[in-house]
Amino acid sequence: MAAVWGHLSHALLLQRGHLFGWAPVFLGIGIAIYFGLKTEPSLWIYIFLAVLVVLCLGCARWTGSTFSPLATGVALILIGVILAGARTHTVSGPVLGWRYYGPVEGRVVDIDRSSSDAVRVTLDRVHLRNVAPNRTPRRVRLSLHSNTAGAEPMPGLIMGATAHLSPPSGPTEPGGFDFQRHAWFQGIGAIGYTRVPLVALARAEDGQTMFAIRMALSKQVQSALAGEPGAFAAAIMTGDRSGMSQDTLIALRVSNLAHLLAISGLHMGLLTAFVFGAFRYGLALVPWLALRAPVKPVAAALALVVAAFYLGLSGGNIATERAFIMVAVMLVAVMLKRRALSLRAVALSALIVLTLRPEALMGPGFQMSFSATAALIAVFGWIQTSRLPKGPRPLRPVIAVVTSSLIAGLATAPYAAAHFNQFAHYGLIANLLSVPLMGVLVMPAAVLSVCLLPLGLDWIGLWIMGLGLEWILGVARWVAALDGARGTVVSPGAWVLPLLTLGALCLILWQGRARLLGALPVIAAFVLWMEAERPSVLIADTGGLVGIMTDQGRALNTHRGSGFTALNWLENDGDPATQQDAAERWTSQPTGPGGISIIALRGKRQAATLTECRDNDWVIMDAPPPDTVIKTSGCVMLTAETLRETGAMALYDRGKNMQPRVVTAREVSGVRLWNTPRNRKAVAAVRGALNQ
């Protein structure tokens, strides 16, 4: 034991000066632990954790420098749990607990577009008929499906409509994307749709200024630059994607160019780099200033102001906020005459983001952004220190672009595949043909158009910008149309990404040859991914959709309805088939794991045809069963009411003549603030019946 502690002490001493990069890692571990809990911690647990934090920091301060990093790391893990819990309670708000139909009034605070290409509005200051204020969600999100023109959604406008509302839905399958949690942190307590025109009731007295500016600029851009290039330009400049069509979005995703659409690190970096360079060289042209003023720090400060305005203009979502923090850290480093691009700057940015929004850790944006940035800095740093040949001077920019695109693509590919179940085979080609144009033409033209806007000459910059965007859209459509452009992959298990991330971080952050040990968890992660097991049967929480795994892929019991759930199931299977294709695989008498008979009934008419439920029958329906049904003790009957309490359900094969292993979404997600069931006794009763 003494020898082990001796080796550990020596290893930590060798890392002196390089341990700060591990601070966000330990903080993130604590946040991940919180979100992985099955029950919500009580106040006393948080108090106990706070005491432990003080003790750990005291040990780090008074026990010497050898093991202080370990004590500090434990303290950061505990702080991560506390931060995530505090954030969860801070954003707490009412969530609609039933289906609602009636008048909905509220103030427009966001406008976007749904996956079905419908305009979607988010309302706050919500009023619902006969619903007490303390039970009314702070925000609701409505998709507008009306065919009749009504009032145009405007920033800050008080609007009303008769709408259908329901609580945010849970995961489409156990362990899947948790929209309830996502909506909780956005403050959305109900989602729904309306088929009637919106009615303008009043303009808010304190209308949202930046939101109004953003939408006005978006409208101006799309009026001056028509079609998809104008919608693309509006998305880049203001974050408003409501003008983008689904066909264009799909082409950008399949070609791995969707990151050009979101206002994230690339856009913020290109914008601030262009502004910083313009200010720096512009000030340097004035000899009196160049000789007397700190031109470089002043240019960095002015670029930071522009970046802050861009953040406010874009709506300040998590991706843009994260990008701004990273850029701000680097610009402040320039002002303080420190290295702007270093792993310490990336670590500081991650610490700030995780402190402000701990939930960002669980999203693909945070994971992909920081993995790409850390990999680029680490690899280019290694190239610089290893003194590799840089190639002919005229070709160095091309080599740099190719290398950076390759590194960023490799670093983000596992996370993109894990979250979106697809990867672009020709993404490198598409990025090489598009990303340089964003830097040298599109973003400078965007800045030029904003500068010329007061003079009414913004069309000049937008025309130049349109040329570049036309090219990028053409590349996206060309690449997306190539054979095999989109590859699919099965969803990984719960431990795949954590193992992959920790291994990659060890390779990047650890100093010395021991860093090569980080390759072991990376290899283990890919092995686990290759052996990922998919459920034999999936049952939606509405009871209206059932999917059974067959030799041809998953078979679905219906060719329409529950389209979002069906798409998610097929994507998680790594199956490129459509819902229509999957429905054609369904047989009249499907058999599930263990030889059970699956009987899926949709609607009241099909439910009324049920006369008996025998041993080894699993009957799934989205309507109440008839009172005359004859049931035996071995019958399992799942209705919409039952599944509403358990959430989506998955059945796994245990072998021949053995009852399947049952996993429910509620079991995996646990009982948390964002998904607390209305009747916990009902959950326990259903679970007990399934295990009999």
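Over which ring does the charged end of Arg 672 sit? The ring of Tyr 34, 4.6 Å from its centre. A charge counts as over a ring if NZ of Lys or CZ of Arg is within 6 Å of the ring centre and within 35 degrees of the ring normal.

A word on the source. This is a predicted model, where local features need pLDDT of at least 70, side-chain atom pairs count only at pLDDT 80 or more, and totals for chains, interfaces and linings use all residues. Residues are numbered from 1 along each chain as its sequence is written, and side-chain values use heavy atoms, with hydrogens and water left out.

Back to rings. Arg 661 lies over the face of Tyr 652, at 4.4 Å from the ring centre. Tyr 34 also belongs to a cluster: ring pairs link it with Phe 35, Phe 185 and Trp 674. Rings of Phe, Tyr and Trp (its six-membered ring) pair if their centres lie within 6.5 Å; planes under 30 degrees apart count as stacked, over 60 as edge-to-face and the rest as tilted.

How many aromatic pairs does the structure hold? Seven. Take Phe 366 and Phe 370: their ring centres are 4.6 Å apart and their planes at 45°, so this pair is tilted. The two sit four residues apart in helix H14 (residues 364-385), which puts about one helical turn between them. Helices (H or I, at least four residues) and strands (E, at least two) are DSSP runs, numbered from the N terminus.

Phe 366 and Phe 370 are buried. Buried means under 20% relative accessible area, exposed over 50%, partly exposed in between (1.4 Å probe, protein chains only).

Next, Phe 526 and Trp 529. Their pair is stacked, with 6.3 Å centre to centre and 5° between the planes. Both lie in helix H19 (residues 519-530), three residues apart. Phe 526 is partly exposed, at 37% relative accessibility. Trp 529 is buried, at 8%.

Now the sheet. Five strands form an open sheet, in the order E11-E10-E9-E17-E18, with antiparallel pairing. Strands pair if DSSP finds at least two bridges between them. Which strands stand at the edges? Strand E11 (553-556) and strand E18 (661-664); each has a single partner strand, so one side of each is left without a neighbour in the sheet.

Look at one pairing. Strand E17 (residues 649-652) and E18 pair in the antiparallel sense over four bridges. In E18, Val 663 stands opposite Ala 650.
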